[in-house]
Amino acid sequence: MATSALEYGHATAAKRSVLVEWLTTVDHKKIGIMYGASAFIFFLIGGLEALVIRTQLMRPDNHLVTPDFYNQLFTMHGTTMIFLAVMPISAMFFNFFVPLLIGARDVAFPRLNAMSLWIFILGGLFLNFSFLLGAAPNGGWFGYAPLSSRMYAPGHNMDFWVIGLQILGVASLAAGVNFFTTILNMRARGMTLMRMPIFVWAVLVTQVLVLLSFPVITVALIYLMLDRTFGTSFFNLTANGDPMLWQHLFWVFGHPEVYILILPAFGIVSEILPVFARKPLFGYSAMVFSMAFIAFLGFGVWSHHMFATGMGPLADSFFSLATMLIAIPTGVKIFNWIGTLWGGSLQFKTPLYFALGFIAMFIMGGLSGVIHAVAPADLQQTDSYFVVAHFHYVLFGGSIFSLTAGAYYWWPKMFGKLLDEGLGKAHFWVMLAGFNLTFFPMHFVGLLGMPRRIYSYPAGLGFDTLNLLSTVGAFLLGSSFLIFSYNIIKTWRSGAQAPADPWNGATLEWSIPSPPQEWNFAVEPIVTEKDPLWGLKRAAGVKVLPEPPRVSGEGIHLPAPSWWPLIVSVGFLTFLVGIMVKHASAFPFGPISIAGFAITLYGIYKWAYEPVDGHAPTT
Amino acid sequence: MSDHHAEGVGAHTASAEYIRIAVVLFALTAMEVLLYEACFGHLKASMPGLSTSLSPWFVQLLLVLSAFKFWLVAMFYMHLKFDLKVLQWLFGFSLVLATIVIMALFTLFTYNRTLWWWGGVPW
Amino acid sequence: MTTAALDLHAHDAGAHHTSMPVPSRKLAMWVFIASECMFFATLISTFVIYRDSHAKGPGPKDVFGVPLVTAGTAVLLFSSFFVVMALNGAQQGDRKKLLRWLSLTVLCGVFFVGMQVYEFTHFVTEKHLGYTTNLFASSFYTLTGFHGTHVAVGTLWLATLLKDAWKGRIPPAKALNLEIAALYWHFVDVVWIIIFPVVYLMSLGR
């Protein structure tokens, strides 16, 4: 059976090498795996940067790295973790699992999906390439003007940041259009919106946030690029420009962005808890509406990042209140997770460990977040390590814990092998201990007055021991991912072959073989209720359904592989890089830009006229 | 794929309706320009009474006129009126959000001056 | 077999079905348009915030003229009407109607871009309003420049469709190709419906 599927896979792509196959693939599963693999590498790079930062702060008056390199490290650590790790690891789950969860054979626009991937990878490489030139971005992950202006950041450092983020934004926007359309329009028959798995809802709401917030940062980055490259003064105070405009535009994007980072995590945990508590999600519709409410409010709270800028009592009060309001839907979600666990027969497998860790850590991060909502209190905490503690509790304790839970949960479906349970639990305990040891003391150093992003600190301020603890914790935290990597390698070499449904799952992806065949569903499923697979098992009176067979896939039409997504991505990157390196000449666009633009245009043209359904089996 | 849609549009609209809307759009644009000329432009001198009574409402009137034009194009030329409701929600939601952001940003940047869209209420 | 149990009424695997009665490509264009709303909202906000920042160099009242921009507005409105007529022709299978109105639309696009090039050149050379002269200039040129870029892209897109239509490649079954381009084109038009009063008339009338 398996061989016939393999033969089919290679039938039309007769002599394609493996490399060409992956470079031209439009299969959402392969794209998902590439997202995951590249994002995990970027995640390790970002983690390495964090370890250097922690080593520098290990003891007072330390000079492990130069101050300028330190600036590059914390800027790239933030940028990498947000744009090159958490977002694309989420994108891996979107890509691999949204079509499977809604019973589709692929996303709505497979080639556009490939383009998102390539633009993301090229953008990530471009950003990290700056290290090789010794000119990594050094103005902080939110690039505040005028620190990011040419006057105060004369090198190419911030150009890399501006162009890199612009590139990554286009990838996110393209993926946003694609997944929004896919979820609305590619659902299996009978899967109404309120029957969708909760993770799919989380993805849908996330895409709304991406689509409506990324255009704002796109424009802000264009202004910054114009300021730096074409001599305008949008954020230049000496020419009547207003640096506050950058802050506002950045956070109009930046606050929805934090929900872009956390909502997929909410969705993953909401999928895992019911499966391992053996009961349906508590308050499904309340979960859906609270996510929508969080997303909507998320657009009305951006200035709580700017209480210290002196916006005046009206604005402060408004944004304070709106921020406190967000605690309500978030609280609803937390109580629903607890309600899901309550009275369930808990199966203590690794994914559940990480999901429970997520709930506990996210509550702590959420509580310190509510403290920030109070504008007078925030004035004391802003730009201190207290804030650093807060956002690591929500982004690491929240997003990363949940994404790791998702990795353990869905690994067998993605690769057909179960990750080792013992190593998984070791990973969890080391990560939990390391995480809290790293970030809990930061609350205290923050309240003691240690500023965020400080290069070094003198002895005797009460920071010494707490910083040492944080550094020890950081290395513990780093080592937990060594355990994870070892687990992956061990599983790769000799893991237990996973059945189609190892966890007794509730959703459609567990009804097909692990790993799925290229066309996902041999016959397109029809859904009549939420948790369709549980309904099926109930109806059949069994706990585990018989293993689904692998089929030949004859007669199934799949989208043809294409070079154009990759070519367009390369052209687009060339165009923007050309703008960055031109600034000696008077003409706005140098030859590199023009070449890139031409490649992009030609690629789009050929793409538009490329036949779509070329991958039908010849038999 | 587009069959059901083509039917839907074809049944409701015809060239005649498109022409009627085009005429209305032109009339509205002409009104916008005339409003400007009456309040601040060439016509101001010849009809001072009209100018003084209209000019306090200049911004509001312009916004209403252009919103009406916007609505006509979106509803009829973009077929939103006859199309799926979800498309109306999609466009409507993003428009509302865009408007709120424009107003909020402007308020934040003119905090000690005016709420411009209300025509200058002292704050 | 699990999958068979899930779907007892397997249908033709080749037929694409969509969960909503709207083609995916059209839905995607609407999603893109929704996203573009925020793009232009940001550009317009910036202009409104910076339109009085012209301590150095000319300001709005020194450069804007009503006749030229009214002509541009009329051309864009015309083109919206033209493209909707072209679409009507495509859906009815009336090739002549399609070609006539679509070529007029492309002509309007070219004319609008030409008008903008003339406007910018006029401002720069005769009114001495360079791109970096002041913030009013930068935000004005950036906003209308990006709008103009959208018009240029739309013109190019419609021109390729005109080529297709000329070769008879847009039968009624493929009218969707034109419908999507038309949606984009109308959106570019409604953005100008906002820009015309907010940027030009309101900056002049104060």
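The exercises below work through a predicted model, chain by chain and interface by interface.

Local features need pLDDT of at least 70 and side-chain atom pairs count only at pLDDT 80 or more, while totals for chains, interfaces and linings use all residues; side-chain values use heavy atoms, with hydrogens and water left out. Residues are numbered from 1 along each chain as its sequence is written, and chains are lettered from A and ligands numbered from 1 in the order in which they are written.

**Exercise 1. Describe the make-up of chain B.**

Step 1. Take helices (H or I, at least four residues) and strands (E, at least two) as DSSP runs, numbered from the N terminus. Chain B has 5 helices and 2 strands.

Step 2. Read from the N terminus, their order is α-α-α-α-α-β-β.

Step 3. Buried means under 20% relative accessible area, exposed over 50%, and partly exposed in between (1.4 Å probe, protein chains only). Chain B holds 123 residues, and 45% of them count as buried.

Step 4. Contact means heavy atoms within 4.5 Å. Among contacts in chain B between residues at least 6 apart in sequence, 47% join residues at least 24 apart.

**Exercise 2. Characterise the interface of chain B and chain C.**

Step 1. Chain B brings 45 residues to the contact and chain C brings 51 residues.

Step 2. Buried area is the accessible area (1.4 Å probe) that two parts lose on being put together, summed over both. For chain B and chain C this is about 4,400 Å², with 82% of it on carbon and sulfur atoms.

Step 3. A salt bridge is a side-chain nitrogen of Lys or Arg within 4 Å of a carboxyl oxygen of Asp or Glu. The rule finds 1 salt bridge across this interface. B:Asp83 forms a salt bridge with C:Lys26, their closest N and O atoms being 2.6 Å apart.

Step 4. Helix 1 (3–12), helix 2 (15–39), helix 4 (58–77) and helix 5 (85–109) of chain B are the elements that give two or more residues to the side touching chain C. Helix 5 of chain B gives the most, with 13 residues.

Step 5. Count Ala, Val, Leu, Ile, Met, Phe, Trp, Tyr, Cys and Pro as nonpolar, Asp, Glu, Lys and Arg as charged, and the others, Gly among them, as polar. The side of chain B that touches chain C then divides into 33 nonpolar, 8 polar and 4 charged residues.

**Exercise 3. Do the analysis for chain C and chain A.**

Step 1. In this interface, 47 residues of chain C are in contact with 52 residues of chain A.

Step 2. The buried area is about 4,100 Å², of which carbon and sulfur atoms give 67%.

Step 3. The rule finds 0 salt bridges between chain C and chain A.

Step 4. On the chain C side, helix 1 (2–6), helix 2 (24–50) and helix 6 (135–166) each supply at least two residues. Helix 2 of chain C gives the most, with 15 residues.

Step 5. The side of chain C that touches chain A divides into 24 nonpolar, 18 polar and 5 charged residues.

**Exercise 4. Place C:Lys56 in chain C.**

Step 1. C:Lys56 lies in the loop between helix 2 and helix 3 (60–63) of chain C.

Step 2. With a relative accessible area of 58%, C:Lys56 is exposed.

Step 3. Neighbours within four places in sequence aside, C:Lys56 is in contact with C:Thr133 and C:Asn134.

Step 4. C:Lys56 and C:Phe136 are 80 residues apart along the chain, and their C-alpha atoms are separated by 9.9 Å.
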